[in-house]
Amino acid sequence: MAVELKDTLNLPVTNFPMRANLTGREPGRIDHWEKIGLYARIQEINAGKPAYVLHDGPPFTNGDVHIGTALNKLLKDIILRYKTMRGLRTPFVPGWDCHGLPIEHKVMKDLQAQKKELDALEIRKACADFSESYMNKQRRQFRRLGVLADWAAEYKTMAPGYEADILRTFAAIVEQNLVYRSKKPVYWSIPCATALAEAEIEYKEKKSPSIWVAFEVVPHPEHMLDRVTTKQCTSEDGKTYFEERILNGNPFIGRSNDGKFFFVIWTTTPWTLPANRAIAVHPKLEYVEVRCGQKVFIVADELADQFIEVLRKDSYVPDNYKNRISRIPGKYHRGKDLEGVQTAHPFLNRQYSPVVLAEYVTTDAGTGCVHTAPGHGLEDYQTGLKYDLDIYSPVNDQGVYVDDGQMPENLVGVSVLETDGKCPANIAVLEMLKKRDSLLKLEFIHHQYPHCWRSKTPVIFRAVSQWFVGLERDISPNKKLMRDKMKDLSDADFEAIYKATKYSARLAALDAIGTVKWTPEWGENRIRAAVENRPDWCISRQRSWGVPIPAFYDAENNAYLDAGVIKAVAEKVQTAGTNLWFEKSSEEILNGVALPAGWPTADKLKKGSDTLDVWIDSGTSHIACLTRNPELHWPADLYLEGSDQHRGWFQSSLWTGIVAKGAAPYKHVITHGFVVNEKRQKISKSDGKPQTADDYVNKYGADIVRLWIASENYQNDIPLSDAIFDSISNQYRSVRNTFRYQLSNLYDFDAKKDAVPVADMTLIDKWALHKLHALVVDVTAAFDSFEFHKAHALLAAFTTNTLSATYHNILKDRLYTLAPAARERRSSQTAIRIIYATLLRLFAPVLPFTTDESWGYFNADAEYIEDSIHLQKWPEADASWKNDAAASEFETLLSVLDKVNVGLEALRQSKTIGQSLDAQVLVFGDPAEPEYALLMRNEDILAETFIVSDVRLIHGAGTELRVETLKAEGVRCPRSWRWVPQLVNAGEFGMVSPRCRDALAAKYSRTF
């Protein structure tokens, strides 16, 4: 039977599947990696090499892996796979954050739904089971994403050994005398009944009542604070001041004929008015008197006109007074001269609120007179300490007013928690103000307000006794680091300087920040601002699920805390875990522990019920993980988390590092943005968008999720939508088709006997390798700077433009129609093999499944092989590939090809030709011109390069280079589809072009 002409072509052959079927194939590859012990083998190939330690920030074990968490873990995996290929040892120990409010909150909701009541120990056991179940689920989901890690060595914050390290770290903080107990306002979540850390706060828009309230001046000397004030004087500009100092002066005494005087405060939290203990004014501001009937209001001069305008238009002032509101001429008071004036609380009988001074008072809004409740605001608290005011907070853990003898009966039991936009306490207080004729104005404003990250409800500031870390307190510097900087000093001189050197924990942290590399660079400013502005760290929580604070209390509730005792408890926790604290009595816990002098005996002590802020848990990971695992080192080379961790894990790790180790626990910190929808809004369940990694992996496959991550600049927020994933899927198909095309054209190529030296390759192949050289250099630089989106753009441009649109397109004729061993064909196959093996390795960190699959078919024509691509080295740019002259020459040919394509498209539009091989090209030019001379030198490859049947050069002195495209002349070869002057006889193969006859003769050893 005669051989069909189409069967004589060297058509591509490969078993590498065209269809990826990632969702079906990837799980099998994960099983294969585990079977061959890929992670361990990766570590083995670089054994003895320097380690690159990327320390894993532990995700909460309270749900499925979110797509944002997948983003984080995959960025880490990409980095480590790259670092491995660069010859570094890359041990990766994943971690889990197991304690804290998010888990306990979910468990308690489930228990309440089942109407179960459990004690603290039972709740802890339920939380541990819950956490373990999600650890197992998340581990499986991370593996499904292709994440390689030492899962057997993973760290858990609820493991006894880890809990012991948390306590040892806490002991180091106590040892530095940084921990103290105080009643001061903290963020309080009412639904969760616990204090919150700064990192557990999120700001959301809230609608709040904005009110002006009048506090009547009590014009009697006996109601003044002991102070020195001034008497009234008139300046040259006619303004009245109070300048000459007298004792117990009051600018409103003896002015009863002027009416009653009132300071007007502004607040957006009416429910805190029962806790008012003062009115703050700025010492340097001027305050004026505004008459309204028989009342005189005192407000800041800068706000007075606005105040008057509002009273006239929209206030609770009687209508018959509204047109007669005005300033009292000449009545000015400096803020500092109002200090000590007493006012009566609007509805608490016998409660007086003095005027106090505060620099934080502004004229941005309000009246310039600030409602001050020391039990419900940090600045208010500081003012309260200055003036010895009562730190009063009449709200209990559940957020309701308590019956303490001061609270009006109608407010007792009323909740301050806002639900559905309504706050019962605000409503009740407003009613009382209206009845007392003290409410001047009420409007509603929208503003950013702190909310609990878990319950999503507005938090309150509430003064409760809590444990704090004093960030302004002095700590000792790191002795070793300090000695390294002072090597020239004698031991005696150094010891003297070391003992005399003290600086605050805050300054130490700020110094350490400067030793770290931050990517992006603005990360340094962000964490500096967070550290500079952070108040003392509230570290106690009113929860069951956490590491207990090893504090003890006597019968009078005096607290006892000691570093040595904490360390002794930690030794017991090392084996028994922190359930010990909930299972045993104080005596049992302290059995065998040496108590410090001055402590009561163990039988007179009761154990505390507070647990540590979980940010100390995760912030201790660099100690519990990096210093305990011999495969790792401290400090870590890299921390990589979301940008919110400047307030969270980056910062808590920094504080614990400074106190326990004297330095930052990381050398380099990278932050990424958040996954957002196409409108750049944070993805939430209300969008109807899937949120878990599994949702996307099960639909698209892990490699496409990874390609999406690599394609985006993760330093910004990362958009996600169906359209984006559709585009990424198309990009993936293009990459896979590139791999398949190159592999399929190597089916008959044996590099050992068929390879062509680079110097002997054809021009187009030299050009392709030159482009490859630049690609390797640029992609490597992008990976080195962790700019994966740049690497992705470079790789996408190379596969799509350099290869598919140009190189592969031009090569088809020689690859398919020439004799198998033709020099041109073997040249291109050599180049293709080099490009293919290089491309696979460049893509390997991002597309581990696809590249490993393709690598198997490349090396053994099998889907699974033991010599994984992930055991290979990163490609180097071979100097022999770089050929500027050849690249420049071929680029000139491509520039002429652009002109040719314009003419070909015109012929297609006119239906003169169907495909480009139906055309011939005439090129007119002057042989003396360099560009035309170059065409003359490469005349034998012009038809192949332009993908036409014939190219003729028409010489003409002085002729400007010009291209004409025409329908080809002659007859078309049925094998190559090229048009030639005439066909020749190829025996049983029939009539073909002379070039095809020679190819057939060589392939089949025939003589025609």
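**Figure 1. Four strands line up in the order E1-E28-E29-E21 as an open sheet with parallel pairing.** The edges are strand E1 (54-55) and strand E21 (517-519), each of which pairs on one side only. This is a predicted model, where local features need pLDDT of at least 70, side-chain atom pairs count only at pLDDT 80 or more, and totals for chains, interfaces and linings use all residues. Residues are numbered from 1 along each chain as its sequence is written, and side-chain values use heavy atoms, with hydrogens and water left out. Helices (H or I, at least four residues) and strands (E, at least two) are DSSP runs, numbered from the N terminus; two strands pair if DSSP finds at least two bridges between them. At one end of the sheet, E21 and strand E29 (residues 668-672) pair in the parallel sense over three bridges. Look for Lys517 here: its bridge partner in E29 is His668.

**Figure 2. Two cis peptide bonds, one from Thr519 to Pro520 and one joining Trp634 and Pro635.** For Thr519 to Pro520, omega is near -5°. Pro520 sits in the loop between E21 and helix H14 (522-533). For Trp634 and Pro635, omega is about 0°. Pro635 also belongs to a loop, this one between helix H19 (621-626) and strand E28 (638-642).

**Figure 3. Strand E15 (residues 352-357) is largely enclosed by the rest of the structure, because five of its six residues are buried.** Buried means under 20% relative accessible area, exposed over 50%, and partly exposed in between (1.4 Å probe, protein chains only). E15 pairs in the parallel sense with strand E10 (residues 278-281), over three bridges. In that pairing, Ala280 has Val356 of E15 as its bridge partner. Strand E14 (residues 342-344) is also joined to E15 by three bridges, but these two run antiparallel. Here the bridge partner of Gln342 is Pro354 of E15.

**Figure 4. Zooming in on Ser353, a residue of strand E15.** Ser353 is well tucked away by the numbers: its relative accessible area is 0%, so it counts as buried. Leaving out residues up to four places away in sequence, Ser353 touches Phe215, Asn276, Arg277, Ala278, Val341, Gln342 and Thr343; contact means heavy atoms within 4.5 Å.

**Figure 5. Thr457, in the loop between strand E17 (439-452) and strand E18 (460-469).** Setting aside neighbours within four places in sequence, Thr457 is in contact with Pro191, Leu417, His451 and Cys452.

**Figure 6. Helix H22 (residues 702-711) is mostly covered, with ten of its ten residues buried.** Among the buried residues of H22 are Ala702, Ile704, Val705, Leu707, Trp708 and Ile709. Asp703 and Arg706 are on the buried list for H22 too, as are Ala710 and Ser711.

**Figure 7. Positive phi at Lys911 and at Ser1005.** Lys911 is a residue other than glycine, yet its phi is near 60°. You'll find Lys911 in the loop between helix H29 (884-909) and strand E32 (919-925). Lys911 is exposed, with a relative accessible area of 74%. Ser1005, likewise not a glycine, has phi near 55°. Ser1005 lies in the segment after helix H32 (994-1004), and at 68% relative accessibility it counts as exposed.

**Figure 8. Stepping back to the protein chain that holds these views, with its 32 helices and 38 strands.** The radius of gyration is 39 Å, well over the 30 Å that the globule rule gives for 1008 residues, so the chain is more spread out than a compact globule. The radius is taken over C-alpha atoms, and the rule is 2.2 Å times the number of residues to the power 0.38. Along its principal axes, the C-alpha trace spans about 130 × 80 × 70 Å. Buried residues make up 58% of the 1008 in the chain. Among contacts between residues at least 6 apart in sequence, 76% join residues at least 24 apart.
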